[in-house]
Amino acid sequence: MTETKKINVKKAEDSDSFDLLEVESLVNQVGSKRSDLIPLLQAVQNHYHYLPEAVLRQICEITEITPADIIGVSTFYPQFRHQPAGEHSIRVCMGTACHVKGAERVLDAFHRHLKLRPGEDTDKDRLFTVEKIACLGCCTLAPVVQIDDVTYGHVLPSKVSDVLKDFLGKKTESSSAKKVGFKKITSKAEVRIGLGSCCQASGSGHVHESIQRELAEFDAVVSVKPVGCVGMCHQTPLMEIVLPDQPSILYARVQEQNVRQIIQKHFKPINPLQKIERATSRWLEDLYTDEAWEPVIRYAIDVRDKPVAAFLGRQKHITTEYCGVSDPVDLNEYQEKDGFTAAKKCLTELSPEAIVETVLSSGLRGRGGAGFPTGMKWKIVHEAVSDQKILICNCDEGDPGAFMDRMLLESYPYRVIEGMMIAAKAIGAHEGIFYIRAEYPLAVKRVKEALQRCEAAGILSDHSFDSDYVLHFSIQEGAGAFVCGEETALIASVEGRRGMPRFRPPFPAESGLNGRPTLINNCETFATVPWIFRNGAESFNHLGTDHSKGTKVFSLAGKVKRGGLIEVPMGISIREIVEDIGGGCADDKKFKAVQIGGPSGGCIPASLAHIPVDYEALTEAGAMMGSGGLVVLDETDCIVDIARYFLSFTQQQSCGKCTFCRIGTKRMLEILIRLCEGKAKKDDIQKLEKLADHVKSGSLCGLGKTAPNPVLSTLRYFRDELIAHAEGRCPAGKCKTLIQYKINDQCIGCTRCAQDCPVGAIPWTPYQVHEIDPERCIRCDTCRQVCPADAVEVG
Amino acid sequence: MIQLTINQQPLKVPKGTTLLKAAQQLGLNVPTLCYSEDLEKHTSCMVCVVEEIHSGKLLPACTALAEDGMAIDTESSLVIKARQSALDLLISEHVGDCEGPCQLICPAHMNIPLMLRQIVSGQFQAAVRTVRERIAIPAILGRICPAPCENGCRRKEVDDPVSICLLKRFAADTDLSSSNPKIPEKKPRSGKRAVIVGAGPAGLSAAYYLILMGHECTLIDDQSSAGGQLQTAVPEEILPKSVLEAEIAWIMKLGLKFQSKTRLGEQITLQKLQDQYDAVILTLGEVEPEIVESMGLEGSQRGIKINADTFETSLTGVFAGGNAVHPGKLAVRSSGHGWSIAQSVDQFLKGVPVTGPVKRFQSRIGRIQESEIPEFQKEGTSDPRQNPSGGIETGFTEAEAIREASRCLHCDCRKPETCKLRDYSEIYKVNAQRFKGEERFSVEKVKQSEDVIYEPGKCIKCGICVRITAKAGEKLGVTFTGRGFNVKVVVPFNESLSAGLEKTAADCIEACPTGALALVNSEERNQ
């Protein structure tokens, strides 16, 4: 009793500054059951920007949620803060692509700029809070930083202050700018603007606004159509002009200030004055034609540009069908293009057995990573006896370097919904849940909108397609834990618990959410299903290899010329992807390896690039299909550093349950850090090998069991690099403590390095060869990047 | 019913039976840490793994269910290695000393912290019994020992070490001067006879412990009275003859035969002793190489060559220790040898393999950080080191002894015997260095309750307490916080331990597989 009193007293003290009525209203909106815990915490954090203790205590008082649950859960998920945050949050992406392009240095630069001491994340004015984020999924724009809802791509350490200035400027501007909605005007001419996350991060939102503004001044009836991802993320923002009976023209890397000229080139002005203006700017035209616009690309109708032909030619769009042509949330357009015909047929005509049979014979395997036969999974859930079955779409894409799920949800929400509807009928589920990462706000928004439209159209209702089939889908946002991609952890999370995996069997197919048979498939898997039903299992089965059928969507990023979202037939070789589609390494660097499968995968060396994309072949080679992240590495990338990077990722993402993963990955990481810092001990490589074996065989879940893969593949293909590090050398010149920056005789004495060096390690000596003080140098690479004479050497 | 084999024995179990239960049905032991019969499975420690032979997969026996056709091996080399590395990893982050540094450094391995706690609670007889478990001549050593233990004492980091040596003397003197000193109980007579040559600290100690073990002992010395160098090398003002004689007389009272003025090689030969006795113990002080050779023993540079674990010489049934194997001046070391020899000789006389004393697994914190001192200070009083008010000759009064002993910081674990982690670490030959981490967690002692102490550094995150409190419907309970390597068990909202464990403190302590949760006044002792 005394304790109860004490708790109450303490609460009373804390509550002064919080309006507990607001807490009650949040609870009323979200719910008071244990399974509402995560959405409830998200609502609290949205409201207060962190989780005040008094509020958490209040929630325990007025709901069935216990203090143990609320503390356990709120400290498990990285999304939640227990300390007040700054007004704006700077999220530095630590994804693979960003990592190889220097994300760590960007993070350091923000810390330096905001004068944060070690352990601090918020500046003293409480204006900004700097956070690391596993992956923003904008890999082609690496390094990427998100400040509140504004995403910046290609952020260099030297540009940090510009970025902040720009953000603070934008903030005041946007409050006055009028919002442009997705209004559709029926017309023959169309301006399509890519509004995927990559495009938006490159400024397509502003381009979109400019187009609307410009067109308002012209007489032509032109509709502006926001479209999903084209896949050519390396060229964003993309703007396409579609004119009746003419080849459409695609403009790449369009900036706000270019819009006027592009519009003027294709559409007639309204009044004479503007005609004159148009005439005078006519000379500008050359600048924006195919030859001069760098690079201007046409596709679809006239694929004559070589790189584009290569980028698109080897691809096969099934899951990403109609890429770049469809308005993601336009339900009518989706239906005009045969959308929902498969679902309708399944719901109204086909028996569950027939649906399962079709999926089985298509040979489709789970696209989430492990490649379990999809039809088999459906069959098990179908045959499970229960009065209630659950369907979950796993969109918790947390792999650094992967952004397929984000693109699919942003660009093809209806296709995923349709796949889920078919699955629901097959297994006998009436309830479906989208589990989407909270880091993908646009994806959440699009799916939400798509679901609303489906409900309004009666597609998702108590009588779907006028049948008796009751079907309702909802969205649950993840809270930033990679491990929740593991299905038992995902279920724990949906149930409002810490996302800790449990031993399988029983598999979720037998006993999942709240003990009910639960079908969990990746969103790419669902998005592939409608095509199979429209085109027949046979056509899908014809594509691919003996055991890996159909196509696979990859996010191609890293040191490749043309990165983006690609869909290729199974069986295509890694080399074809990297060299033909991706155009090889940028800057004429040598292709060294490709990291496939993210933290669960491995690095396949260039010498094995003939290996086909096939579940078994990739696993055999020590990598993994994974969810489809494909990061290209060149000769300047250090494989030991990459292994360290992935281990540090899995180690941070470990749920902390089983001994091998919790402590084993930590010890492995420590060894890798020692190697990268030249402090390795004599038997460290053997220890690393031993630990990798034990963690692989002894861990409880898939995350732990595959966590050693990046290390094992390094041991297998790049042992000499490990040995070099053990001897204190980094052959690629990447590991900070093993390298030194020097300025050679090429120096022209321009002083740019001295001006930009953030720590004053380069004395200002105009017209003389500059020198770097190795003691002060923090190896941020800024001098090398700014040097116009290539005089900075790393050795 | 499900049919499977475990260690090649076929068996049938009902559907839904775990592999652990199935193995237990065959009387097989599978180690577990995070498992508790009455609670939901957590499957985290992974020491219960067994191998499914067909798939070559490791399965956690506590959770994995028996399936038809499984072939389980609970002891395959893969299993043993996996368990060992799971334990290696758990120990690599374990911040705790199984035994106090003072005890580890004491050459006689005396349970110092326990003695100190017994003095604090006024159990002086119990204290002297604790001392005599390892030291046969505490009143003597209490006067001449250079006290290496005090060098290891952590209290040194705060101010000065606990005055261990004087406290030991206090316990011994109190006992010797009482009207009826407690004579320890002897085991039933074994009918075996041992002879000890040399009545110095090593010989006296060996004789003392062998007699208590039920063996008949004869002590031979070339002098007229026992004591060896204690008789001649220590000045009277340090070690009064009266104390020396009283303590030797006390040992003699146990029924020890003493044969004076008998010199090995002169009045009697080793060969003859071997013929007459079942075991011979050579504790004759420093010996010349020629003499070693003349007795037919293998020698080393320092004296008689022995097996360092068992104290066996090159001749079967002949043991040696003390300065005879390694000259030195530390009586406490010789005394420790005496105890160790007694263990080996006892094994030899019983006809079991001679392995010497059991070497228990020791988890060690090692050097502590300045920031950790306050945590240790929670355990002891803040008094400065006491000096006997009547001078060093008189030693501590009762009140002084209690006050001084209360300065102990309780570095030793409160669950040295029931700790499953220690047990398994011993069985699976854990090496704390194998996967040693870059840095360890800080020592933390959560003492917010009169009865319970929580040391997070010793927690293996098995979640048993988390599950117990949730099941019992504790208002606050305890919960995991954080993630990954930084997972920790805490009381929500930083409330006190007693608030978290209102109803379940006793259950949680009982079920905690390590010393992370323990009774503040645990009476569990090291064996």
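Domain bounds here come from an automatic or database domain assignment. On that basis, chain B is divided into the four domains tabulated below.

| Domain of chain B | Residues |
|---|---|
| Domain 1 | 2–75 |
| Domain 2 | 101–181 + 367–405 |
| Domain 3 | 193–350 |
| Domain 4 | 439–519 |

Taken over C-alpha atoms, the centres of domain 1 and domain 2 of chain B are separated by 48 Å.

A word on what you are looking at: this is a predicted model, in which local features need pLDDT of at least 70, side-chain atom pairs count only at pLDDT 80 or more, and totals for chains, interfaces and linings use all residues. Residues are numbered from 1 along each chain as its sequence is written, with chains lettered from A and ligands numbered from 1 in the order in which they are written. Chain B has a mean pLDDT (the predictor's confidence in each residue, from 0 to 100) of 95, and 100% of its residues reach 70 or more. For the complex, the predictor gives an ipTM of 0.92 and a pTM of 0.88.

Let us turn to the interface. Counting two residues as in contact if their C-beta atoms, placed from the backbone, lie within 7 Å, 39 residues of chain B touch 35 residues of chain A. On the chain B side, β4 (57–60), α2 (77–92), α19 (464–471) and β12 (479–481) each supply at least two residues; helices (H or I, at least four residues) and strands (E, at least two) are DSSP runs, numbered from the N terminus. The most comes from α2(B), with six residues.

β10 (residues 431–436) of chain A joins β11(A) through six parallel bridges, and A:I433 stands opposite A:S474 in β11(A). Axes are lines fitted to C-alpha atoms, for helices over the stretch in contact, and angles run from 0 to 180 degrees between N-to-C directions.

Finally, a helix pair: α16 (residues 352–362) and α22 (residues 523–535) of chain A pack at about 100°, with axes 11 Å apart. That makes α16(A) roughly perpendicular to α22(A), a term covering 65 to 115 degrees.

Notes. Pairing = 2+ DSSP bridges. Parallel < 35°, antiparallel > 145°, perpendicular 65-115°, else oblique.
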